[in-house]
Structure formats: C-alpha cells, structure tokens
Amino acid sequence: MSDKEPPPNNLEIGDFRIERMLGAGGMGVVYQAQQVSLNRPVALKVLGNRLTRDRDIARFRREAQAAAKLHHPGIASIYYAGQDDRVCYIAMELIDGVPLRVVLDRLARAESDGESMVSWPRHSGAEGAPAETIRFDEPDEAPAPGASASDQSGAVVLTDPARRIAARRDHIRRSCEIIRDACAALAHAHERGVVHRDLKPENLMVDRAGHVHIIDFGISRFFEDATLTFTGQLVGTPLYMSPEQVTGRVDVDHRSDIYSLGMVLYELLTLRAPITGATRESVLRQIVTKALPPLHWRNAAIDPALEAIVHKATAKDPEERYQAAREFADDFENYLGGRPVAATPYRYRFDSREIVAARPQEMILVGFWFFGAAFQFAMLAVAEIAGILRGHPTSLGYIIGAPVAVAGFLTAQGLLSGRTWAWWVGLACALVSMPWAGSMLAAAFVQEPATVSSSAVYAIVMAGSWTATAVILLRRKTRDLFRLARRLQAEHERQRSGDEQAPSAITSPPAPS
C-alpha cells in the first residue's frame, strides 16, 4: 500500500475494516474504521512508510503502549497498535464530534451572530472535509496554519459577526472552559510521564456535548524525536511549537505542552493565529525572536487577568511559564470564579533581537564613536561649569557642550537600534565634520610645516574617523539593517493599532452575556 494514496473503502488492515477517510496530516491518514472482532467503531491512524528499521518500530510500539495507559475522559483512548507489512497503525477511540480547528475556521467565517462555540459542534457532527492531497515526503509544503480560513500567509480576515462573537462574554468563558478541561487531561498525562509535543486545534476534538478530547498522545513525541535524530527536520505544526522545540533543545518537557495550549487559547480568544508568516521559516523565526502582541490589542474585550494567564502560558522561557498543567488549570478556576489569578500582568516591549542579529559589526564601531564624541562634549561642558563656579566667564563651550553631548548619546543609541532618524543625523554629522577636520589639518601644517604636531595628529584622526563613519553608513549592509528596522517598527505599530491585517482586529466592546 502506498503512503501517498488512501486505501479504498472496505479494505481490511489487521482486525480493522476501513469505512471512510476523516483527514490527513504530517504523520499519517485517519480513517473511520470498524474493529471486526469487537464490532466497534474506531479512528484508525495509518502512518506513512517512515519506519524502516526494526528498532524504530519497537520504539513506536513502546510509545503507543505508554499512551495507551492513559485513562481520562479528556484523552482519546488508544485501543491497539499494530503493523501491516512495514506500515504501522494505531486504533483510537472515535470521537463523535469535530476538531477544534474546524470550529475555529467556521467561527472566523461566521455569517451571523447566532453561531457559537457551543452551537456549532452540536449540530455539525463529524463533517470535517478530508484532505485532497496526502504527502509524507514533503511536510514543509503544507499551507500555513489557519490557511483554510485565510490566505497563504495565515492572516485570517474576520467577518463582522466573527468579531462580535469573539468579543462576547459567553465565547470568552467557553474558550477558557475548553482549555481548562484540556489542562486537566494534560495534567493526568504529565503526571504519568507522557508528553504530547504537538498540541494544536487539530488534536483537540470537541464532541456533540461540548467536551474536549486530546488525541494523538505518544505518537507526536516518537516522530519528533525520530525525525530530529535521523533527518534533522522538525515535525509538528510550526505555529504551536514552543521555542525550545524550534531551537532543537534536548530538554523539551511538559512545559512545551503548556506553551502550545496557551497558543491555542490565544487563537480561540481572537479567532485568528497569534503568529502569521508566508513561510514555515518565517513562523519559526517569529516564535523564537518576537514577543506575542498583547491579547487585548486583538480583542478589546479581554481583561488584564485573562491576558496575564495567556501570556504566562506562552512565555518564551519555560521557567516563566506555569510549571505544571494543574497550575494552569487552577488559574482558570480562579479567573472563572472571579478570584485573583497567580499570573502577573503582561508587559510588552518591542523585541530588538532580530535587529541586533542583523547588525554589521562596523555599526558597533560607529556607535562607540558617537558615544566617544558625546563624552568629549560632556567633559567640555563639565569643565566650563567648573570654570563658572571658580568665577571665570562663560564660554561658547558651556553653551553648546551639554546639548551636543545629549544629542550624541541619543544618536549613538539610535544608530545601534536601527532608527532611521539616527542614520540621517549620523551621516549629516560625518559629512559636515569631514571638511572641518580637513581644514584643521591644513591649518596645522601651515603653522608648523616641517613637523607633525599634536594638532595635526588630532586632525588626521578626526578626518579619518568621520570619513570611515560616512562610508560605513552608506554601505549596503548598513542600509539593509535600517530597512529591516523600519519594517519591524511598522509591524509593531500595526499590531499596536489593531490594523495588522485590517479589518481583522477585534475592537468591539463586550456584549452582555
């Protein structure tokens, strides 16, 4: 059986007879099937032909057996793990409902205010559309998260009813209840040493009664470890991966699941992805380098307590997150019960790490040069002030020294942080100072033509330094840095104004529940 084509209906794999395909992902294809011996419906995940070595197959079975020991109403049970030739498969509990991804996409395209987190799963059944193309060899070609309700950049454009739905108190409360219940299921797994590693809306099933069930426990961990070991590629949906997963840290633990669940909650409360990018690489870079925009920027109905919970769960440093899923769930109980939460208020700051990483080393020299010039003028001002205190008259140095020193310090800081105005000020200073230093040098040689005086050396240093400053500022690498900084600042301002992907920001006030 090919790993790129679904088997026909009524094909039997082991003890299971396939009835229809439910969906496909990077790790396999999921079918609705019937277990013949027990006459019960199951969800059968047939994995691609990735397992080619006996030790890989043995480890896959161990991971599946560990996940099969989990017994919690919020975790889809694993019934059986088997192998047909070199194709492995897992039979799981069939949830009569829809993935949370389907609910999110439906609400983002809502055409009336009557749709909700409760009503849509109850009336939709398991009607998720199967994937048209099944590929296991090129996982990076999958559309960006949220692409079914958006363009290829993952930027969802919400309808007007969707914005009003997201701002309603009942939607916010229901979103918190779903993640709280998922936290309880996570806590059960984590306390037994099982980490999911690929939590996302596709792996959270909402049944007709509105209960949430986590699926694919154990499978994601095996494929992530195996793929990183043997191919160096990342497995999983990039948007929900924790920074430590993206950077390939070996000490990924249960706190990675807490981050992923926090990202799902962010999307639930805004009905759009927390991070958007045209490519997988762009999404991964943002996960590592960019702080999430404050939740209330995208949904003004979110209060500071709930915002604090979400951003504590999605902190880039695992030490700053909730250290256990039960702590995460407890804070939801506090919030829903009107009690103070443990999470501290979120303080958002512009992240300049991407600018620092792209900064040419020569720019550091330019920055220190301006700091040095500013320090020289500051010392001149101090000397003049000291002269005034001794009764000497005020000179021009006192008048211009202090403001020039302040301007120099600000320009140096602006150059190092990629501010466009600082580039113009720095270039202007260099172009003005070069002829000034040249005139000083000429005057020094006119006065003492036969020797190189200290004033001549000073003039040579000034002329060379300012010339080098102008050359560095005019280099293409430097101009590219300032263009990058302008783009990042513009993105920051769009996020702040809620116009990141107009008209998708949610600005309507909360409606009465």
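**A walk through the predicted model**

Of the 513 residues in the protein, buried residues make up 50%. The structure is a predicted model. Its secondary structure comprises 18 helices and nine strands. The protein exposes about 24,000 Å², and carbon and sulfur atoms supply 56% of that area. Among contacts between residues at least 6 apart in sequence, 69% join residues at least 24 apart.

Six strands form an open sheet, and their order is β1-β2-β3-β4-β6-β5. The pairing in this sheet is antiparallel. β1 (12–13) and β5 (78–84) stand at the edges with a single partner strand each, so one side of each has no neighbour in the sheet. In general, strands of a sheet pair through backbone hydrogen bonds, in either a parallel or an antiparallel way. Inside the order given above, strand β4 (residues 40–47) and strand β6 (residues 87–93) run antiparallel and are joined by five bridges.

Aromatic side chains come next. The structure holds 12 aromatic pairs. In one of them, Tyr80 and Tyr89, the ring centres are 6.3 Å apart and the planes meet at 35 degrees, so the pair counts as tilted. The cut-offs explain the label: planes under 30 degrees apart count as stacked and those over 60 as edge-to-face, with the rest tilted. Tyr80 is partly exposed, with a relative accessible area of 41%, whereas Tyr89 is buried, at 3%. A pair with another geometry is formed by Phe370 and Trp466, which is edge-to-face, with 5.5 Å centre to centre and 85 degrees between the planes. This pair links distant parts of the chain: Phe370 lies in helix α14 (residues 361–389) and Trp466 in helix α17 (residues 454–474), 96 residues apart. Both Phe370 and Trp466 are buried. Returning to the tyrosines, Tyr80 and Tyr89 form one aromatic cluster with Phe16.

The charged end of Arg40 sits over the ring of Tyr79, at 3.7 Å from the ring centre. For Lys312, the charged end sits over the ring of Tyr322, at 5.3 Å from its centre.

Leaving aside residues up to four places away in sequence, His188 touches Leu70, His71, His72 and Ile75.

The C-alpha atoms of Arg326 and Leu186 are separated by 8.3 Å, although the two residues are 140 residues apart along the chain. Not counting residues up to four places away in sequence, Arg326 touches Ala187 and Glu191. With Glu191 there is also a polar contact, side chain to side chain, at 2.5 Å.

Key. Residues are numbered from 1 along each chain as its sequence is written. This is a predicted model: local features need pLDDT of at least 70, side-chain atom pairs count only at pLDDT 80 or more; totals for chains, interfaces and linings use all residues. Side-chain values use heavy atoms; hydrogens and water are left out. Two strands pair if DSSP finds at least two bridges between them. Helices (H or I, at least four residues) and strands (E, at least two) are DSSP runs, numbered from the N terminus. Buried means under 20% relative accessible area, exposed over 50%, partly exposed in between (1.4 Å probe, protein chains only). Contact means heavy atoms within 4.5 Å. Accessible areas come from the Shrake-Rupley method with a 1.4 Å probe; for residues, only the protein chains shown count as cover. A polar contact is a pair of N or O atoms within 3.5 Å; within protein, one must be able to donate a hydrogen and the other to accept it, and residues adjacent in sequence count only if both atoms are side-chain atoms. Rings of Phe, Tyr and Trp (its six-membered ring) pair if their centres lie within 6.5 Å; planes under 30 degrees apart count as stacked, over 60 as edge-to-face and the rest as tilted. A charge sits over a ring if NZ of Lys or CZ of Arg is within 6 Å of the ring centre and within 35 degrees of the ring normal.
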